[in-house]
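Here is a short briefing to read alongside the model. Have the sequence and the 3D view open, and let's walk through them together.

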Amino acid sequence: MRRTPETGDRPDIPGLGTLALEQCIHEYPGKRRIFRARLASGQPVVAKFYLRRIGQWAEWRRGTRGARLLEAAGVAAPAVRHAAYCPRYRAWLLVLDLVEADEPWPPSGDDPGDQAHGRLLATLAEHHRAGLVQNDLNWLNFIPREGRLFAIDGDRVRRRNGPLGRRAALDHLQRLYASKTRLPETLIREGFRQYHELRGWGVTEAGLPRFLRDLRRARLRHARRVARRACRGWKHYPRFRMDDLRVIHDRRALSRGQAEHLALQLYETGELPDGFSGHAERPYQAQRIEAPWQTLPGLLRPALTRQTARRAWSHALTLRRLGLSVPRPVAIIAADRGLVWLVWETDPELRPLDAASEPPGAAAAETLWAGLRDYGIRFRGRDPRMLGSDGQALWILDPLPLAFGRPESRGFLRAAEGDRAWLERVSEPR
């Protein structure tokens, strides 16, 4: 049986000496284990073990090549100490200098702050001048140290023949903002101008509107791609089956046991358990999604139910990632006999629009409509029960009747004007 590296091991590495593994700081089960370690000289380092000799060789080679590209370019990055095969564990090993953050990190995804945002733009400009492109722009791939951001992950770093030109650089900047879909457009506008100043370029009159238009498309593509992966049980969204119930849940909000309890309670009674609350004690609400296929033959019903549940879950996550007015989705539950429930974590004041005591008014309708229009999203059905109100804003409680189109097409613009008039009508105080 293959031995895996563990905390406390002290392997002898040829050309490096004794490597003391102090703490496992990250793990990809069966693929990679990353340790905080120390050399015989006392120098702290990071040791990345790629655990499959054949299956992980390409990953190790890519990470090693990227780390060396960063080091050779002279940008802020940890030095490569060792990169070779480790026979003791039958794994590939990459050892880098340890870079520790000297301030709280990572920043908030919704509002990283002007300092973190400006520092990231300065780092991108430095990389672009050196001809480097970091294709994985996760906050955790950068570490702040002494006023700079160190690029600590070279797995997806590529190098061009020279400094990036305007088009390639703006495409990469667009990729940054597309992956950070909740950043407000006011911050993006400032970032666009700031990046141009860092590169010594002037901002053209048509440049910013074109950048924002292309960015919205890229954000929508990215959000839908992530949502589709979440339907397949990716990362934070495991899925499981209980008899004729199929469940996908957000494990950051619900444990497996809680999700099972919710699913059984909804299936048996149609109501959520009493006292269930989420983050910051926000209550859960279950939105029943109507199933027009319940009259179909029983053999067709389970497949259509599962398909509809995946679509509703995907739409909810997409809208949430785009920063539109939807509560946080925490679970989708589908019963083979044609029942679907979407479970939200909501504000206590949020009520379905037909049950709200005070509709929010035309301004709230305009805000919701403008957000949907910018991303080419329209209503296929106009039922007030799909909307909710907290007295100040309009919220989408049933995302299934939404459709995605092209914002500039004539057909979409005609449909969007109809949506606008309908939203204004249903949001007027009664």
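Of the 430 residues of the chain, 48% count as buried, where buried means under 20% relative accessible area, exposed over 50% and partly exposed in between (1.4 Å probe, protein chains only). This is a predicted model, in which local features need pLDDT of at least 70 and side-chain atom pairs count only at pLDDT 80 or more, while totals for chains, interfaces and linings use all residues. Residues are numbered from 1 along each chain as its sequence is written, and side-chain values use heavy atoms, with hydrogens and water left out.

**The whole chain**

- The chain's secondary structure amounts to 9 helices and 20 strands; helices (H or I, at least four residues) and strands (E, at least two) are DSSP runs, numbered from the N terminus.
- Along the principal axes, the C-alpha atoms fill a box of roughly 75 × 60 × 40 Å.
- Among contacts with a separation of 6 or more, 63% come from residues 24 or more positions apart; a contact means heavy atoms within 4.5 Å.
- The accessible surface is about 21,400 Å², and 46% of that surface belongs to carbon and sulfur atoms; such areas come from the Shrake-Rupley method with a 1.4 Å probe, and for residues only the protein chains shown count as cover.

**Helix 4**

- Helix 4 covers residues 185-199, and its 15 residues should span 21 Å at 1.5 Å a residue, which agrees with the 21 Å between its end C-alpha atoms; the expected span is 1.5 Å times one less than the number of residues.
- Its buried residues are L187, I188, G191, F192, Y195, H196 and R199.
- These buried residues of helix 4 pack against helix 2 (114-129), helix 3 (166-179) and helix 5 (207-231).
- As a general point, an α-helix has 3.6 residues a turn, so residues three or four places apart point the same way.

- Strand 8 (residues 142-145) and strand 9 (residues 148-151) pair in the antiparallel sense over 4 bridges; two strands pair if DSSP finds at least two bridges between them.
- R145 stands opposite R148 in strand 9.
- There are 2 residues between the strands of this hairpin, and E146 takes a positive phi near 55 degrees.

**L262 in helix 6**

- L262 is found in helix 6 (residues 256-269).
- L262 counts as buried because its relative accessibility is 1%.
- V247 lies 15 residues from L262 along the chain, and their C-alpha atoms are separated by 9.8 Å.
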